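Me: Could you take a close look at one helix for me, and then at the charged pairs in the model? I'd like the cut-offs spelled out as you go.

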Amino acid sequence: MRSLLVTGGAGFIGSNFVRYWLERHADDHVIVLDKLTYAGNLVSLADLRADPRLNFVHGDIRTPGLAERLLRQHKATILVHFAAESHVDRSIVSPEQFLETNVLGTHVLLEAARAVGLERFHHVSTDEVYGSLDSGEPAFTENSPYEPNSPYAASKAASDHLVRAYHHTYGVPTTVTNCSNNYGPYQFPEKLIPLIVLNALQGKPLPIYGDGLNVRDWLHVEDHCRAIDLVLRSGKVGEVYNVGGDNQWNNLALVQLLCRLLDETFAGTPTLGGRFPLCPASRQQTASLISFVQDRPGHDRRYAVDSEKIRTSLGFVPGEAFANGLRNTIQWYLQNEAWWNTVMTGAYRDWIRHWYGQDA
């Protein structure tokens, strides 16, 4: 039996990873360390509350000695580091929070790993560290230079460099994954896909930055969890692996697809019109809600990562077709109204008003 310490395990990707791991590694024990900021919520782990294989610790990764104590107490041999401030818009207004959590927090965890002597320290990062691509440029590889363009991306780039340094200087057994945009269940509604779905259900405008032609590569969160599992089992210590969905969409086309899928869903389930009377899907096209808003500062035009390395060395191939994954994601939000009503706090509504000029 192994024990894993998972930071940020009550957030979007972290909670999906915890659930994935316990389902597929029945003898393992998972300790979740989470500060429970606005994007981390215990309701995302509610179905696991009674599982004796899960321990939750409410705490801050920046607290000196906390991670080391937990690693020693539970004899954990693996640390999977998800905990991060991750919303670009928020980083533009409050960059210091991103430096504190993403850089200093990662440093504290690396010191703990160094003191304890882990089998593996896995750091979850982002494609945004590589900067922006123009149309037609080849996707980023693991050898692409770092050119972060937002405070968020810069903070993640700094944390990546710290992980590399601790491996090369102190021998900490690290691996890093740089992933493309994730989607799926339990994603906080400030991110594009849940924002569009929930705004549509409430009959609110569907805001699109600028001309809507910014391109992102989309990866289902369960595929991302599977990729991390592969890296932990078979990845080479000291290596970096890009994890993408090979699935590039511009924002406008993605929102239009979500609108069509919502229209189809409402057409197939007439009772939804009664549950969500403000949603136009039951009487007209949801796309009528699309609105264009002022672009955010420094908005990167395109992200795309080349996943050849993890594909050829570890056999990773995304398994979830995008349209099917979106349908399932829409169904999840329809079936879990209590979850999103719980997490959509006043702070969330304040941010929507600030960035999109509308009430949530």
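Reply: Happy to! In helix α2 (residues 66–73), the buried residues are L66, A67, L70 and L71. Buried here means under 20% relative accessible area, exposed means over 50%, and partly exposed is in between (1.4 Å probe, protein chains only). Viewed down the axis of α2, these buried residues fall within an arc of 130 degrees, so they line one face of the helix; the arc is that of the directions from the helix axis to the C-beta atoms. As background, an α-helix has 3.6 residues a turn, so residues three or four places apart point the same way. Helices (H or I, at least four residues) and strands (E, at least two) are DSSP runs, numbered from the N terminus.

Before going on, a word on the source: this is a predicted model, where local features need pLDDT of at least 70 and side-chain atom pairs count only at pLDDT 80 or more, while totals for chains, interfaces and linings use all residues. Residues are numbered from 1 along each chain as its sequence is written, and side-chain values use heavy atoms, with hydrogens and water left out.

What do the buried residues of α2 pack against? Their partners are β1 (3–7), β2 (29–34), β3 (54–58), β4 (78–81) and α4 (95–116), with contact meaning heavy atoms within 4.5 Å. After α2 comes K75, which has a positive phi, near 50 degrees.

Now to the charges. There are 17 salt bridges in the structure, each being a side-chain nitrogen of Lys or Arg within 4 Å of a carboxyl oxygen of Asp or Glu. One of them joins R62 to D60, with the closest N and O atoms 2.7 Å apart. D60 is buried, at a relative accessible area of 16%, whereas R62 is partly exposed at 28%. R62 also meets the side chain of E100 in a salt bridge (3.2 Å, N to O). That pair links distant parts of the chain, since E100 sits in helix α4 and R62 in the loop between β3 and α2, 38 residues apart. E100 itself is partly exposed, with a relative accessible area of 34%.

Elsewhere, E264 forms a salt bridge with R327, the closest N and O atoms being 3.9 Å apart. E264 belongs to helix α8 (residues 251–268) and R327 to helix α11 (residues 322–335), so this pair ties together parts that are 63 residues apart in sequence. Both ends are partly exposed: E264 at 46% and R327 at 37%.
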